[in-house]
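Q: I would like to learn how to read salt bridges, helix faces and nonpolar cores in a model. Please take me through them one at a time.

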Amino acid sequence: MRLILLGPPGAGKGTQAKILVEAYGIPQLSTGDILRSAIAAKTPLGLEAKAIVDRGDLVSDAIVNGIVSERLDAEDCKPGFILDGFPRTIAQAAALDQMLIDKGVKLDAVIEIKADADELVRRVIQRSKESGGARADDNEEVLRKRLDIYKEQTAPLVAYYSDKGLLKAVDGMEPVEKVTSSIKSAIEG
């Protein structure tokens with residue numbers, strides 16, 4: 001099974017991806033996690049990414065596309081994968097389409113987790129308090145900027161994947177278990 005999870009920052013894509021990993025036995029490919037690992041390791045890419053993320057901006061398509069393409073070639077991705085946080089733009093979606101064609105695989109579904117912006121801000125502020133502010137991007141100003149970027153750059157993917165007949169939407173404001181149930185119904189439906 002090959003899935004993309006779409007939704008604004010803080011909508012629960014990572015939480016749902018982890019649950020789906022357990023349910024379907026396929027890896028979660030989170031560009032955010034990959035980049036945070038590089039930042040923590042202080043690699044050259046990590047240092048470059050840290051400056052970008054701390055401003056609330058997104059890393060370049062070239063960096064992200066390369067990371068994703070390499071990751072899709074890993075053995076654990078052969079039976080499928082869950083993309084979380086990629087693609088973020090129409091250009092990345094087109095690059096992903098070409099990557100998948102080149103690799104001889106196709107997407108099964110794109111799940112849009114719909115969520116209210118003000119509730120997302122509240123959730124991220126709570127997450128920051130619970131984690132002791134471990135993530136530099138867990139603050140209201142950065143999140144609002146990321147939500148604006150999402151609306152401008154990523155939200156158009158809803159129409160892109162809808163036109164391809166791959167999009168399935170779920171209400172991300174429901175309790176975690178209900179969102180999971182809705183996603184599974186959409187996938188297996």
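The dialogue below goes through these features in turn.

Q: What kind of model is this, and how are its residues numbered?

A: This is a predicted model, in which local features need pLDDT of at least 70 and side-chain atom pairs count only at pLDDT 80 or more, while totals for chains, interfaces and linings use all residues. Residues are numbered from 1 along each chain as its sequence is written, and side-chain values use heavy atoms, with hydrogens and water left out.

Q: How many salt bridges does the structure hold?

A: Side chains of opposite charge can pair when their charged atoms come close. A salt bridge here is a side-chain nitrogen of Lys or Arg within 4 Å of a carboxyl oxygen of Asp or Glu. The structure holds nine of them.

Q: Which parts does the salt bridge between K145 and D57 tie together?

A: The side chains of K145 and D57 meet at 3.2 Å, N to O. K145 lies in helix α7 (residues 140–154) and D57 in the loop between α3 and α4 (61–72), so the pair ties together parts 88 residues apart in sequence. R55, D57 and K145 are linked in a network of salt bridges.

Q: What are the positions and exposure of D118 and R144?

A: D118 forms a salt bridge with R144, with 3.3 Å between the closest N and O atoms. D118 lies in helix α6 (residues 117–131) and R144 in helix α7, so this pair ties together parts that are 26 residues apart in sequence. D118 counts as exposed at 52% relative accessibility, whereas R144 is partly exposed at 32%.

Q: Which residues of α7 are buried, and why do they line one face?

A: The buried residues are V142, L143, R146, L147, I149, Y150 and T154. Seen down the axis of α7, they fall within an arc of 165° (taken from the directions from the helix axis to the C-beta atoms), so they line one face of the helix. On the other side of α7, E141, D148, K151 and E152 are exposed. The buried residues of α7 pack against β1 (2–6), α3, α6 and α8 (156–163).

Q: How many residues does the largest nonpolar core have?

A: In soluble globular proteins, nonpolar side chains tend to be buried together. A nonpolar core is a set of buried Ala, Val, Leu, Ile, Met, Phe, Trp, Tyr and Cys residues joined through side-chain atoms within 4.5 Å. The largest has 27 residues, and those with the most contacts inside it are I4, L72, F81, L83, L96, L107 and Y161. α4 gives the most to this core, with five residues. Apart from this core lies another, of 20 residues, among them L3, I111, V124 and I183.

Q: Which residues does Y161 contact?

A: Contact means heavy atoms within 4.5 Å. Leaving aside neighbours within four places in sequence, Y161 is in contact with residues including I4, L6, L96, L107 and L167.

Conventions. Helix = DSSP H or I, 4+ residues; strand = E, 2+ residues; numbered from the N terminus. Buried < 20%, exposed > 50% of the residue type's maximum accessible area, 1.4 Å probe, protein only.
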